[in-house]
Amino acid sequence: MSDFTKEMELGSNFIYDIIDADLAAGFDRKIVTRFPPEPNGYLHIGSAKAIWINYSLAKKYGGQFNLRYDDTNPLREDEEYVKSIEQDLLWLGAVPDGGVYYGSDYFERCYEYAEQLILKGRAYVDDLSQEEIREYRGTLTQPGRPSPCRERSAEESLDLFRRMREGEFEDGSRTLRARINMSSSNMNMRDPVLYRILHAWHHRTEDKWCIYPMYDFAHPVQDAIEGITHSLCSIEFENHRPLYNWVVNMIDFKDKPRQFEFARLNITHTVMSKRYLRELVETKTVDGWDDPRMPTLSALRRRGYTPSSIIEFVKRAGVAKAYSTVDIRLLEYCIREELNASAQRRMAVLDPIKVTITNYPEDKEETFSIANNPLDEAAGVREVSFCGELYIEREDFAEVPPPKWQRLRPDGEVRLMGSYIIRCNEVRKNEQGEVTELFCTADLETRNRKPVDGRKVKGTIHWVSRRHAIDAEACLYENLFTLEDVNDVPEGTNYLDYLNPESLVHRPNCKLEACLADVPAGERYQFVRMGYFCKDSKKPNTFNRIVKLKDSFTVND
């Protein structure tokens, strides 16, 4: 679990400036923020930005942070998503010290406030269909037209609204609308729908309700009831702010929350829309919400990302109002930097070639002391077993090597990491012409020392003892999409047209050091020269590549 309080310092941003100005002007209420996810899918890394902003703001100013599930649409909501959301928050370290709430906790209060609006002449029951409401609303250049029901009396609307609650009418046959301004330049203020009829089973209230408040009505009401002081949301809700203010003013709450917007997090080579993520899951394009190629927090956790690396990424991406897309390599940079300092090293051969050392006694075994992390002396060393039969990486041998090749080749020498220098004397192949085995001799005088004759051997490769190796599978992950900006696909194409066929490459015949046999799921290592890997939480003996060892991407601190 991450220490969000420790990680949260960012210096300054426009939201902090707003709070500082409020306090300087005499604002004397405790700062209360909330994270209001809809439980209709798993949280993604963009959600981590919203969580971090709300949580860190509350902690910075000595306030409180609430988790409130926006469960006002039963058609898409499920208890599975409720559990996954809370798990993700706790994994990040954002403990909701102000409490865990549900929009459904406030259904009765929302209904009472809706009746008040009707009695004040500020809301009416409308008989128009959804399509007709859209037609009557007008366009950005043309004002809307009033519904024929707009002048319906408060008494009649109240009677119809109560009958809507009792289940007398069919889905879509009536709505409750706010009476505001059909000529407003803001489309959201043209008599928006506050309630709709929906006969559907709710994961908490079951069949008690058949009418449900719309988000634009429920959200400000819920904020006000909970005492939220600063309601922070993504920039697409900026045009909804006048309606948010209208609701809290019309209901006349004593302590009025205020809404502020920030730019949502967009990342290259992935999608952040929950609709698209759900489609990927439901069409089995990916292996569930936690498929390590997905941008969901559960997927990133399974792949091996740490809470601290995600927080660092969000901080570096910044908090602003302007729309931007962040390079996914910044996320990779954050986890790579962390693991380079903290991860223990292990040798793993992902695509093995057998090596027989012909001058090494068949029954002999020995061990070599190899550093767990050369950057951390306190990590100590481990003893790695060695025998006359080994595995090396297929890409570390070339029959016809390219220029400046420093790894193994026929009649060439290479250092086995931490042990001997070997020379390749013979190459054996199968009927398909593939190299299956190398026969080598070891310079047995070079155990962790230079050749006595002074010859220089530049190349060093990793290896695993065949006698002591364990079998495993490695999953090598790349970007899910080949297109950099998946939100801007070329005309005539679909985002699914840009799925990366190399986003997952299986290496089913890996050979690993024996000490990796029983490590728990979630343990992270650097497989030397191969990248950073994490033990998978769902598949036994499987390691997921978190990120490659190196990348040309750099950041300016």
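In this predicted model, helix 2 and helix 3 pass each other in a right-handed crossing. On the side of helix 2, the contact is made by I15, Y16 and I19, and helix 3 contributes I53, S56, L57 and K60. By class, the residues of this contact comprise 5 nonpolar, 1 polar and 1 charged.

I turn now to the salt bridges, of which the whole structure contains 48. R68 pairs with D223, with 2.6 Å between the closest N and O atoms. Are the two partners buried or exposed? R68 counts as buried because its relative accessibility is 1%, under the 20% limit. D223, at 0%, is buried as well.

A second salt bridge joins R467 and E365, at 3.1 Å from N to O. Both residues lie in loops, R467 between strand 22 and strand 23 and E365 between strand 14 and strand 15, 102 residues apart. Here R467 is partly exposed, with a relative accessible area of 42%, and E365 is partly exposed at 44%.

In a further pair, R407 meets D396, again in a salt bridge, at 3.1 Å from N to O. Both residues lie in the loop between strand 17 and strand 18, so the parts tied together are 11 residues apart in sequence. R407 is partly exposed at 27% relative accessibility, whereas D396 is buried at 0%.

Finally, a network of salt bridges links E413, R423, D443, D453 and R455.

Key
Residues numbered from 1 in each chain as written. Predicted model: local features only at pLDDT ≥ 70, side-chain atom pairs only at ≥ 80, totals over all residues. Heavy atoms only, no water. Left-handed = near helix turned anticlockwise from the far one by under 90°. Helix = DSSP H or I, 4+ residues; strand = E, 2+ residues; numbered from the N terminus. Contact = heavy atoms within 4.5 Å. Nonpolar A, V, L, I, M, F, W, Y, C, P; charged D, E, K, R; others polar. Salt bridge = Lys/Arg side-chain N within 4 Å of Asp/Glu carboxyl O. Buried < 20%, exposed > 50% of the residue type's maximum accessible area, 1.4 Å probe, protein only.
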